[in-house]
Amino acid sequence: MAYLIKGVSILGAAPADLFLKDGVISDKADKDAEIIDGTGLVALPGLVDVHTHLREPGREDAETVETGSRAAALGGYTAVCAMANTSPVADTAGVVEQVWRLGREAGLVDVQPIGAVTVGLAGKQMAELGAMATSAANVRIFSDDGFCVADPKLMRRALEYVKAFDGVIAQHAEEHRLTEGAQMHEGEVSTRLGLTGWPAVAEEAIIARDVLLAEHVGSRLHVCHVSTAGSVEVLRQAKARGVRVTAEVTPHHLLLTDELAAGYDPVYKVNPPLRTRRDVDALRQALLDGVIDVVATDHAPHAVQDKECEWSHARPGMLGLETALPIVLSIFGPQWELIADRMSRAPARIAGLAGHGGDLTAGSPANLTLVDPSARRVVDPSELASRSRNTPYAGMTLPGRIVATFLRGEATVLDGKAVK
Ligand SMILES: NC(=O)N[C@@H](CC(=O)O)C(=O)O
């Protein structure tokens, strides 16, 4: 299939025609090309998410590789990295290959499995990292996300191990001894509500330890869902020293605060918890500065019974894929170079996904998305492609409609609708 996208603005530049043919951006039009009116639209390299929960295998009632892939494509993504906290856990070559194969079958985005660091995410014994790396799934990111790799010796060994194939350990930074029974951010609001708090230092202490370990070993560390101003300072110092550390922030930590817990609506329960306005401001600045490298969704679908219940019993996590770009646009405005870097190029680099995060010049793979920045949309949970409904943005009016997404030149989304 060939496309001619007429009069589209590439990353905010003056309108031009964009040709897609045989899976790549072409420098000339194909006479049989399907024409898309690009007036008023902005073309971005396809977004890449380094942190997505697809729930398959095990919790297909909350999401499947296919429904999550569709949500991703509708959100402008062409690649997502699927977290390992499935059931069974993605801690063997067999499970990561299964997820990878399901992603290929769905064919809506590239699904790149993340492998667990430890067997069963139990934090005791290192998983078969090498077998996962050399499997068909070609795993490069390893994470126990949902749990912290708490044992420093195990963390050190894992960092050493992945160095051989330029892998990266993505850490869920949470000192569990400091978060036992925690329900929300520890601060003024938790005191008022009488809920057990998750202190900022529980995140910051692990990041501080891990950047020192990564420095010692000379290996790559990636920090998942950074949520505090103090974490930003630890990362800033580590980066200034040349430590090989990258970090992500979620759209919800860039927008929402712990005040939202006051209504006890579990849709706002998430791990790490929503923090304070001061933290939100520091995270925004860190993303602008590049101290935080990427926006990652931490798309965490949960079934109704796991979310629509008492706060203390609800699972932590929020949907993210279909709203990430609109949220980022609502905060930062049309800073297309920033958005392309933090949501496509940098995540593609971290995940080692060649072919994604490109520059939309002739010859490069046609992985891209078209956005209408002037359109606004009210978030309606019933319209989401995700199998779950736990979006914290229901009823909010957000800018930026994703009009089309192309994976290797094939449309996965057209006119704002999934093609399959
Ligand atoms: N981020 C979340 O709130 N939830 C994650 C795992 C986790 O990090 O707790 C999930 O898998 O649901």
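Colleague: Is Asp298 buried or exposed?
Modeller: Welcome to a predicted model, where local features need pLDDT of at least 70, side-chain atom pairs count only at pLDDT 80 or more, and totals for chains, interfaces and linings use all residues. Residues are numbered from 1 along each chain as its sequence is written. With C-beta atoms placed from the backbone, a residue is buried if 20 or more other C-beta atoms lie within 10 Å of its own, exposed if 12 or fewer, and partly exposed in between. Asp298 has 29 other C-beta atoms within 10 Å, so the residue is buried.

Colleague: Where does Asp298 sit?
Modeller: Helices (H or I, at least four residues) and strands (E, at least two) are DSSP runs, numbered from the N terminus. By that numbering, the place of Asp298 is in the loop between S15 and helix H10 (304–307).

Colleague: What is the phi of Asp298?
Modeller: Most residues other than glycine have a negative phi. Asp298 is not a glycine, yet its phi is positive, at about 50°.

Colleague: Which residues are around the ligand?
Modeller: A residue is near a molecule if its C-beta atom, placed from the backbone, lies within 6 Å of it. Asp298 is one of the residues found this way.

Colleague: Why does Leu121 count as buried?
Modeller: Leu121 is found in the loop between S8 and helix H3 (129–133), and its phi is positive, near 60°. Leu121 counts as buried because its C-beta neighbours inside 10 Å number 22.

Colleague: In what order do the strands of the sheet with S6 stand?
Modeller: Two strands pair if DSSP finds at least two bridges between them. S6 and strand S7 (residues 77–82) are joined by 4 bridges, and Leu47 has Tyr77 as its bridge partner in S7. The sheet is open, its pairing is parallel, and its 3 strands follow the order S6-S7-S8.

Colleague: Which strands stand at the edges of that sheet?
Modeller: An edge strand has a single partner strand, so one side of it is left without a neighbour in the sheet. Here the edges are strand S6 (47–52) and strand S8 (110–113).

Colleague: What angle does helix H12 make with S6?
Modeller: Axes are lines fitted to C-alpha atoms, for helices over the stretch in contact, and angles run from 0 to 180 degrees between N-to-C directions. Two residues are in contact if their C-beta atoms, placed from the backbone, lie within 7 Å. Helix H12 (residues 336–351) packs on the sheet and touches S6, S7 and S8. Its direction and that of S6 make an angle of about 55°.

Colleague: Which strand is joined to S1 in the antiparallel sense by 4 bridges?
Modeller: S1 (residues 3–10) has 6 of its 8 residues buried. Strand S4 (residues 34–37) runs parallel to S1, with 4 bridges, and strand S5 (residues 42–45) is parallel to S1 as well, with 2 bridges. Leu4 stands opposite Phe19, and this residue belongs to the antiparallel partner, S2.

Colleague: Which strands stand at the edges of the sheet with 5 strands?
Modeller: This open sheet has parallel pairing and the order S9-S10-S13-S14-S15. Each edge strand has a single partner strand, so one side of each has no neighbour in the sheet: these are strand S9 (141–142) and strand S15 (294–295).

Colleague: What is omega for the cis peptide bond of Glu56 and Pro57?
Modeller: Most peptide bonds are trans. Pro57 lies in the loop between S6 and helix H1 (65–74). The cis bond that joins Glu56 and Pro57 has an omega of about 5°.
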